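Subject: Structure handover

Hello,

Here is the structure for your files. My notes on it come after the model.

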Amino acid sequence: MVSKKTAKLETGDRLLMLLECFTLSKPEWGVTELSEKLGLYKSVVHRMLVTLENRGFVSQNPVTKKYGLGLKVFELGMVVAGQMNLRNVAKPIMEELAKQTDETVILEVVDGFHGLCIEKVESSQSMKCTSQVGKRVPLHAGAPTKILMAYLPAEKIEQIIEQGLQKFTESTVTEPDILRNQLEEIRQKGYCISNGELDLGSLGIAFPIRNHEGKVIAAISVVGPEFRVADKINQFLLYCQSAAAAISQQLGGM
């Protein structure tokens, strides 16, 4: 007997297979065509199309009665394009920041309830702090993720807190009220300093990156061993602030 979970996975897979049928060379499909292409009953294909249409992923041409991709797909594509543009704009500025500090520079964005590293430039020094592109970490610990959390809507901040605040080191803040106060302080200062919250012995600073609407869409961070960064923190703050401003300006932000 097929479980409900398995059935949902199969349904989801079928929906994705249907969406993959739409290409530049074949942007519109009829129900019969899709039925033959996917090897599914027309009634099943029709239900799938209705589901996708209700969500905005496909739309029906009123003249041909065929289906094409909807605005929701365009919207998601713009999110991906925006991130790619962000990386392209940020990379040379990150490289310059890494040269100025000789520490690792990280670019992160919000991914659900986590921070996602989408670009990095590593320090040339043998002992360094780093991350992996594609790595996801909780938003409440570490400079780039914490500053991203600070600028989230209040309701999402509370959702993150309600899920529980994992403790990584002795410096990780897991008390909700203390975290709320720290996030408010970050918003007032406009930057974040994190000392060993995610990894013992590391010290990171981060500034927000804004788009043309003034919305915080990413964070740039300089992170290195505490013994090396602590004495240079004021200079690094200036470098990192300048880098964040340069990226924001190229994205149309202020």
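Predicted model: local features only at pLDDT ≥ 70, side-chain atom pairs only at ≥ 80, totals over all residues.

Residues are numbered from 1 along each chain as its sequence is written, and side-chain values use heavy atoms, with hydrogens and water left out.

Overall shape. The chain holds nine helices and eight strands; these are DSSP runs numbered from the N terminus, H or I of at least four residues for helices and E of at least two for strands. The C-alpha trace spans about 70 × 40 × 35 Å along its principal axes.

Packing. Of the 254 residues, 41% count as buried (under 20% relative accessible area; exposed is over 50%, partly exposed in between; 1.4 Å probe, protein chains only). Helix α5, residues 143-150, is mostly covered, with eight of its eight residues buried; Lys146 is among them. Among contacts (heavy atoms within 4.5 Å) with a separation of 6 or more, 55% come from residues 24 or more positions apart.

Salt bridges. The count comes to 13, a salt bridge being a side-chain nitrogen of Lys or Arg within 4 Å of a carboxyl oxygen of Asp or Glu.

- Arg228 and Glu103, with the closest N and O atoms 2.7 Å apart. The pair links distant parts of the chain, 125 residues apart: Arg228 is in helix α8 (226-229), and Glu103 is in the loop between α4 (71-101) and β3 (104-111). Both ends are buried, Arg228 with a relative accessible area of 12% and Glu103 with 0%.
- Glu33 and Lys66, 3.7 Å from N to O. Here too distant parts are linked, 33 residues apart: Glu33 is in helix α2 (31-38), and Lys66 is in the loop between β1 (58-60) and β2 (67-69). Glu33 is partly exposed at 26% relative accessibility, as is Lys66 at 29%. Lys26, Glu33 and Lys66 are linked in a network of salt bridges.
- Arg187 and Glu184, 2.9 Å from N to O. Both lie in helix α7 (176-189), three residues apart, about one turn of the helix. Arg187 is partly exposed at 32%, and Glu184 is partly exposed at 34%.

Regards
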